Amino acid sequence: MSRYLISAVEQAIWSLLNFGVNLLLIRFVAPDQYGAFMLWASCGFVLSSLQNALTVCHLQALAPGAGTDPKRLSVERLMHGVNILFLLVTGLSCLGAATMWGGAGSPYGAPAAALFVPAFLAQQYLRALAFSRGRPGVATAQTTGVLVLVTLLLGEALMRGARLDANGILWRLGLAYGVTAVFGAVWARRGQGGWLRRHEMKAYSEYLRQSGWVFLGVSSTELLTRFYVFVVAGWFGAAMLASLSATQQLLRPVPLLAISWSMVARNDLARQRDREAWSDFRRVLALAVGAGILVAVAWTLTLHLAWPTIATHLFGGKYLADGWMVALWGLGAAVTLGQTVVSTGLQVLRVFKPLALANGAASLVAAGGVLLAMRGLGPAGAIIGTAAGQLLELAAMTAILLSITAARRRAAPREAEA
């Protein structure tokens, strides 16, 4: 129970960090600059999913323990090396994209993205590493460190009346994530020896195939979740992206609640899997989905009714006419919560291939649905198309989960008799 509590506290701090940053920017930054920041932040979250497929999923499959534990040491060293290369490529790619957009005079041309995105990814990797070692307290300390530094850096700029643009926001956040990641890296590598040698990297080929299926799954999920960001950014511009993002912000704690649950529930689900307690396995997932949806509905209704007050007093009068988006985003938040819970169960079962194929099919349908819906409904189509695709994916994942657990439950008595 204490592990769940610490994880919930960490997720609350992480939510406060994201919510606080977005609230400050919504209130004090011009919509086009906030929209540009959201584009780069979305890039960070998409790349975080790729990072999870390449490295984090392999760490989460290990039994909890210290970084020097013989069962973890070689895998951790390998994933550290792969992740460093990933961060270098990411930083150079972001710098190239920002330079290209900057030449066209776009608000998206923010060179500081080359610091922000890799620093954000480094901190996310170290946070996941702490959870995989069974050290949620360390993850909580890391997230708290980011929150404190972001508060100091952004707060100082706003208190002296600085007019922050996307570049100024990104370099301050990048510095906060980067400093925290340095301390986290020192903790992560303590006692693990020197840097990985080139010939040791060849061992990664054993993980690459599994990473491919995981990547297809998580990239499909990200396509479902954030495809609209890139379409709206290019189609309607940064200001409209700001409106969509502002109305979604207060609903983000709903899926984050599911993520917090999943980080700790994986260990319990793995134990039930190993005991072949399939009824308990299903029951845990069903209770998590049911309770989460009730929370999502109640929270969405509260926000929708209170939106005029929120927009007037919290957002300084901005986005007052966009309250209709809140109810639509609430539907999406509830479905995202269900996706996270069911996906956690499938990942514990290690059925990466069926999960990836289901995600891939649903994401293609969703991408087409977003484009068609936006043609007919404008920005509202982005929300409706995304939610429809997510619902299709949730249905497919649930069917796969029920089928696999039913088959394993039927197989268990036969194996016992044999």
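Entry on Arg 72. I listed the neighbours of Arg 72 and, leaving out residues up to four places away in sequence, I found that Arg 72 touches Leu 59, Leu 62, Ala 63, Pro 64, Gly 65, Ala 66, Leu 129, Ser 132 and Arg 133, where contact means heavy atoms within 4.5 Å. Arg 72 lies in helix α3, residues 70–103, and I use helix for a DSSP run of H or I of at least four residues, with numbering from the N terminus. With a relative accessible area of 1%, Arg 72 is buried; buried means under 20% relative accessible area, exposed over 50%, and partly exposed in between, with a 1.4 Å probe and protein chains only.

Note on the model. I keep in mind that this is a predicted model, in which local features need pLDDT of at least 70 and side-chain atom pairs count only at pLDDT 80 or more, while totals for chains, interfaces and linings use all residues. Residues are numbered from 1 along each chain as its sequence is written, and side-chain values use heavy atoms, with hydrogens and water left out.

Entry on helix α11. Thr 340 lies in α11, residues 324–348, and is buried at a relative accessible area of 18%. Not counting residues up to four places away in sequence, Thr 340 touches Ala 258, Ile 259 and Ser 262. Trp 329 also lies in α11, and I noted a relative accessible area of 5%, so Trp 329 is buried. Leaving aside neighbours within four places in sequence, I found Trp 329 in contact with Tyr 228, Leu 244, Thr 247, Gln 248, Leu 251 and Ile 383. The C-alpha atoms of Trp 329 and Gln 249 are separated by 9.4 Å, although the two residues are 80 apart along the chain.

Entry on α10 and α11. I then checked how α11 sits against helix α10, residues 278–314: the axes come within 9 Å and cross at roughly 165 degrees, an axis being a line fitted to C-alpha atoms, for helices over the stretch in contact, with angles from 0 to 180 degrees between N-to-C directions. That makes α10 roughly antiparallel to α11, since angles over 145 degrees count as roughly antiparallel, under 35 as roughly parallel, 65 to 115 as roughly perpendicular and the rest as oblique. The residues making the contact include Phe 281, Leu 285 and Trp 307 of α10 and Val 326, Ala 327 and Val 348 of α11.

Entry on α2 and α6. How do α2 and α6 cross, and at what angle? The axes of helix α2 (residues 31–60) and helix α6 (residues 166–189) come within 8 Å and cross at roughly 45 degrees, and α2 and α6 are therefore oblique to each other. I recorded the contact as made by Gln 33, Ala 36, Phe 37 and Trp 40 of α2 and Ala 166, Ile 169, Leu 170 and Leu 173 of α6.

Entry on cysteines. I found zero disulfides in the structure, a disulfide being a pair of cysteine sulfur atoms within 2.5 Å. For Cys 43, the closest cysteine sulfur is in Cys 94, 6.5 Å away and therefore too far for a bond. I noted that Cys 43 is buried, with a relative accessible area of 16%, and that Cys 94 counts as buried at 5% relative accessibility.

Notes. Helices (H or I, at least four residues) and strands (E, at least two) are DSSP runs, numbered from the N terminus.
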